[in-house]
Amino acid sequence: MNTPRALVSRVDYRRLATQQGRIEGCLDLVRLDRVAAETIDAGSEPVVVDLVFREDAQRRVHVEGDISTTLRLECQRCLNAFDQPMNVDVAGVVVGDDSAAANVPREYEPVLADGDMLDVHALVADELLLALPSVARCSRPECTAQYVDHDMPRSDEQDDERRNNPFAVLSQLKRDD
């Protein structure tokens, strides 16, 4: 059985691009502090990374590939834990500063490097954070059955709330005026 290779932390992106190099490997989620902070259990599944570097005619370095893992998140409706599969496509151009980022073609994301070195772990963390759902929701039937579009309670639950609302009498008084 092949043991997955550990993902390198930093690479000389320009050298990799001139050789049309590839980096692939696995990374424990606990090494990605910002992503681990968004999850319930950071020790679950490894992050699998496969990135290819190439140089275009304008000598821009492109990084393309994919990142995959499963993150354990908390559902914002029922507050139970659920597994969120993450399959993120990477398509970026490595840049040295913000002014260079402004010149990146629209179909690519700027990837900020530190001098001649690219922090691969930071790139992986950024891509995973950008791909996280804005509101984590599980798909358990018992959770989704309680809510309709946009997390509004079902109408029978709204009626129950109106009947149990201690301020309902005030709305009656207001109508009587």
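These legends describe close-up views of a predicted model. Residues are numbered from 1 along each chain as its sequence is written, and side-chain values use heavy atoms, with hydrogens and water left out. In this predicted model, local features need pLDDT of at least 70, side-chain atom pairs count only at pLDDT 80 or more, and totals for chains, interfaces and linings use all residues.

**View 1. An open sheet of 5 strands has mixed pairing.** The strand order is S2-S3-S4-S5-S6. Strand S2 (22–27) and strand S6 (109–112) stand at the edges, each with a single partner strand, so one side of each has no neighbour in the sheet. Neighbouring strands are turned by 35 degrees against each other on average, direction ignored. Helices (H or I, at least four residues) and strands (E, at least two) are DSSP runs, numbered from the N terminus. Two strands pair if DSSP finds at least two bridges between them. Axes are lines fitted to C-alpha atoms, for helices over the stretch in contact, and angles run from 0 to 180 degrees between N-to-C directions.

**View 2. Strands S3 and S4 form a hairpin.** S3 (residues 47–55) and S4 (residues 61–74) run antiparallel, joined by 8 bridges. Phe53 has Val63 in S4 as its bridge partner. The hairpin has 5 residues between its strands. Arg59, in the turn, has a positive phi of about 65 degrees.

**View 3. Strands S4 and S5 form another antiparallel pair.** Here 14 bridges join S4 to S5 (residues 81–95). Glu64 is bridged to Ala91 in S5, and Glu74 to Ala81 in S5. This hairpin has 6 residues between the strands. Leu79 lies in the loop between S4 and S5. Its phi is positive, about 65 degrees, although Leu79 is not a glycine. Leu79 is exposed, with a relative accessible area of 54%. Exposed means over 50% relative accessible area, buried under 20%, and partly exposed in between (1.4 Å probe, protein chains only).

**View 4. Gln20 sits in the loop between H1 and S2.** Gln20 is not a glycine, yet has a positive phi of about 45 degrees. Most residues other than glycine have a negative phi. Gln20 is exposed, at 61% relative accessible area.

**View 5. Helix H4 lies across the sheet strands S2, S3, S4, S5 and S6.** H4 (residues 120–131) runs at about 125 degrees to S5. Glu127 lies in this helix. Glu127 is buried yet has no salt bridge (a side-chain nitrogen of Lys or Arg within 4 Å of a carboxyl oxygen of Asp or Glu). The nearest side chain of opposite charge, Arg34, is 10.0 Å away. Lys and Arg count as positive and Asp and Glu as negative; His and the chain ends are not counted. Leaving aside neighbours within four places in sequence, Glu127 is in contact (heavy atoms within 4.5 Å) with Ile67, Val88, Asp89 and Val90.

**View 6. The largest nonpolar core has 39 residues.** Such a core is a set of buried Ala, Val, Leu, Ile, Met, Phe, Trp, Tyr and Cys residues joined through side-chain atoms within 4.5 Å. Leu32, Val47, Leu51, Phe53, Leu118, Val124 and Leu128 touch the most other members. H1 (13–18), S2, H2 (33–36), S3, S4, S5 and H4 each supply at least two core residues. Not counting residues up to four places away in sequence, Leu118 touches residues including Tyr13, Phe53, Val94 and Leu123.
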